[in-house]
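Reader: I would like to learn how to read a few features in a model. Please give the general idea, then the case.

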Amino acid sequence: MGERPVAVLAMRDDLVGQIFPDPVLARLADLVDCDPAAILTDPGAPPPDLTAAQILLTGWESPQLDTAVLTAAPRLRLVVHAAGSVKQLTTPELFAAGVTVSSAVAVNARPVAEFTVASIVLATRRVFRYAADYRAGISRHGYPVGEDTGLFGLTVGVVGASQIGRLVLQLLAGYGVELLVYDPFLTPDQAAELGATAVELDTLCRRSDVVTVHAPELPETYRMLDERRLALLRDGAVVINTARGALVDTEALAAHCATGRLDAVLDVTDPEPLPVGHPLLELPNVLVTPHLAGTRGRELRRFGEFVVSEVHRWLAGEPLQGKVNPDVLSRSA
């Protein structure tokens, strides 16, 4: 029998127990030797011995995997990231060394997509406006004629055919809406396979009742929803952002929302967090949440289950579900 592979954790130590609860940790222990108390998190602290490590199990607050880590871990062959993006984690040296990297980005996509769809449903019913009125003693009981509420029959524009954007399209398929998508790397045929129509961003803004942002933060996406494009949206349109705050011009959006022309749900902002007293925090037609759409709480176990399954696939010589292609990192989140 050959030697058992050695895996080392590199993530926030206070989350290890949630990502790897006892049943998941037991499954991992069936595959590899891994000390859950030996965690590589702080580059300034004495690290665990990496000389035998073939696998690094990374997560939030993992140190960057640079030459120093590679030197300390000469046998490293696999990194499985128990979180989403690996752009701040990986380095050219890591890939040049032939290390395979896998990310749980698809696992993290589901809660974000579910949060997005829930936000769209609530926002198009004007829940936030009406709840504010209710708190102020203004009743909205009854069924006003011509009320601009409800999702059915609306047009939803998805900005970015990322894993989250694609899942949002999939989840919205049963809501009786028209779906538009903008992504410069998506062909019309690919959009049609997702149940959507591919359009340019300006067209999406003109035609959509709801615009939801799922593009990566890149120099070319900075404030892609700027004053000009926000002005293209119809009165009463809703802006949802669960991607990155810098993709939307914060002050321009605040001005449109302050007049009541647009509503918004923002899980991310620029800056983040917004300063106390910022108009977006006070408006009755805007909901700002503290970057909580992604995997949290009980959902963290999904990361651990993904990691264990990915390690099993790698040891069995099977294709990895979350394998990262370094050639597309430059245009991904």
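Reader: Leaving aside neighbours within four places in sequence, which residues is Leu225 in contact with?

Author: Some ground rules come before that. This is a predicted model, where local features need pLDDT of at least 70, side-chain atom pairs count only at pLDDT 80 or more, and totals for chains, interfaces and linings use all residues. Residues are numbered from 1 along each chain as its sequence is written, and side-chain values use heavy atoms, without hydrogens and water. Contact means heavy atoms within 4.5 Å. On that basis Leu225 touches Cys205, Val211, Val213, Leu230, Val239, Leu247, Val248 and Asp249.

Reader: How many residues does the largest nonpolar core have?

Author: A nonpolar core is a set of buried Ala, Val, Leu, Ile, Met, Phe, Trp, Tyr and Cys residues joined through side-chain atoms within 4.5 Å. Buried means under 20% relative accessible area, exposed over 50%, partly exposed in between (1.4 Å probe, protein chains only). The largest core here has 30 residues, and Leu204, Leu225 and Leu253 have the most contacts inside it. Its largest share, four residues, comes from H11. Apart from it lies another core, of 29 residues, among them Phe128 and Ile240.

Reader: Which residues of helix H11 are buried?

Author: Helices (H or I, at least four residues) and strands (E, at least two) are DSSP runs, numbered from the N terminus. An α-helix has 3.6 residues a turn, so residues three or four places apart point the same way. In H11 (residues 250-258), the buried ones are Thr250, Ala252, Leu253, Ala254, His256 and Cys257. Their cover includes helix H10 (227-232) and strand S9 (238-241). After the helix comes Gly260, with a positive phi near 85°.

Reader: What kind of aromatic pair do Trp60 and Phe303 form?

Author: Rings of Phe, Tyr and Trp (its six-membered ring) pair if their centres lie within 6.5 Å; planes under 30 degrees apart count as stacked, over 60 as edge-to-face and the rest as tilted. The structure holds one such pair. The ring centres of Trp60 and Phe303 are 5.8 Å apart and the planes at 80°, so this pair is edge-to-face. Trp60 is partly exposed at 35%, whereas Phe303 is buried at 0%.
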